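Hello,

Here is the structure we talked about, for you to open and look through. My notes on one helix and on the ligand site follow below.

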Amino acid sequence: MTSPILKAVIDDIAAHGLQFEMRGAVALIRLARPQKRNALNDGLVKALRDIFTHMPEEARVAVIHGEGEHFCAGLDLSELQERDAAQGVFHSRSWHAALDALQFGRVPVIAALHGAVVGGGLELASACHIRVADDSTFYALPEGTRGIFVGGGGSVRIPKLIGVARMTDMMMTGRVYDAVEGERVGFAQYHVPQGEALDKAMQLAVRVADNAPMTNYALTHALPRIAEQPADHGLLTEALISSITQSAPEAKARVAAFLAGKAAKVKKA
Ligand code: 1HE
């Protein structure tokens, strides 16, 4: 059941070019400004923050994709007006708030990528937990050539995917990675034929939705923090999180089902 608050949020974000629908347990979110190649203006950035902050209870996973020929052309450059330093900081922080709401929200997020995944579009994709890229996908950070810097969390998230050296090269030289190279260097975990990213993302989403909620929560909230901790802190956090997940009744039931021969075995890929 859609609450009045959620309905108001869905109507408001639609007015800013972000569409939302539930498909079973999957929250499907579509960047819908194809005439501007899904460039992210202030309204769309706020809409992203709002939907991930108000994710409905019945959603267990989200998929985000873009309408038209491209996933996202990044910052809407027509809004790059004169800003003083303080206004620039607040603008960048508004992106951080939106993408933190996505990355550390209630549900895992899978990005279905195609066409341009550039600038702020790559920052958005980097905040997602799984990226599926079709063969038309290309990745770039044109900020370097536009005389600006990333401001949507890219300098924190992108090096974690591809390393500082590759990001430096992309921004200094304008290097563009295609879909094949993008998977090789770590932008996407999956590379699929052109036009199949959304289908693949939805298939993965159904699989992810079937996980115990605490497992998904540990993967989205604990794992990235553990990976940032000094080893001795990380090992202690891991011990705490693993004991919390194991103690959930759902985990006990799943292990018992396997031992009773009622759960799927791991199969060779
Ligand atoms: C835009 C934007 C945009 C397209 N802001 N309006 N991002 C960039 O530097 C990438 C800029 N965009 C492009 O390089 C290309 O548009 C694409 C490769 C993404 C797509 O090319 P194409 O041939 O399909 O489309 P187009 O003809 O270039 O664009 C169609 C329209 O979208 C056109 O407007 P129109 O009124 O002439 O029809 C474009 O002006 C418009 N458009 N991209 C505004 N980005 C938090 S900091 C993040 C910093 C950044 O992201 S900087 C990188 C910005």
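Helix α7 spans residues 164-173, and its buried residues are M167, M170 and M171. These residues lie on the same side of α7, because they cover an arc of only 90° around the axis. On the other side of the helix, A165, M172 and T173 are exposed. Here, buried means under 20% relative accessible area and exposed means over 50%. Please keep in mind that this is a predicted model.

What covers the buried residues of α7? The cover includes α4, β7 (138-140), α5, α6 (154-162) and β8 (177-178). After α7 comes G174, which has a positive phi, near 75°.

Now the ligand. The shell around the ligand has 22 residues, and among these K36, A73, L77, G120 and R146 come nearest. Sorted by class, nine residues of the shell are nonpolar, seven are polar and six are charged. Three elements each supply at least two residues of this shell: β5 (116-118), α4 (120-127) and α5 (143-146).

Several backbone atoms come up to the ligand. A polar backbone atom of G120 is 2.7 Å from an oxygen atom of the ligand. For L77, a backbone N or O atom lies 2.8 Å from a ligand nitrogen atom. At Q35, the distance from a polar backbone atom to an oxygen atom of the ligand is 3.4 Å. On its own the ligand has 1000 Å² of accessible area, and the protein covers 65% of that.

Regards

Methods:
Residues numbered from 1 in each chain as written. Predicted model: local features only at pLDDT ≥ 70, side-chain atom pairs only at ≥ 80, totals over all residues. Heavy atoms only, no water. Near = heavy atom within 4 Å. Polar contact = N/O pair within 3.5 Å; in protein donor to acceptor, adjacent residues only side chain to side chain. Areas by Shrake-Rupley, 256 points an atom, 1.4 Å probe, with all protein chains shown as cover. Helix = DSSP H or I, 4+ residues; strand = E, 2+ residues; numbered from the N terminus. Nonpolar A, V, L, I, M, F, W, Y, C, P; charged D, E, K, R; others polar. Buried < 20%, exposed > 50% of the residue type's maximum accessible area, 1.4 Å probe, protein only. Arc of directions from axis to C-beta. Contact = heavy atoms within 4.5 Å.
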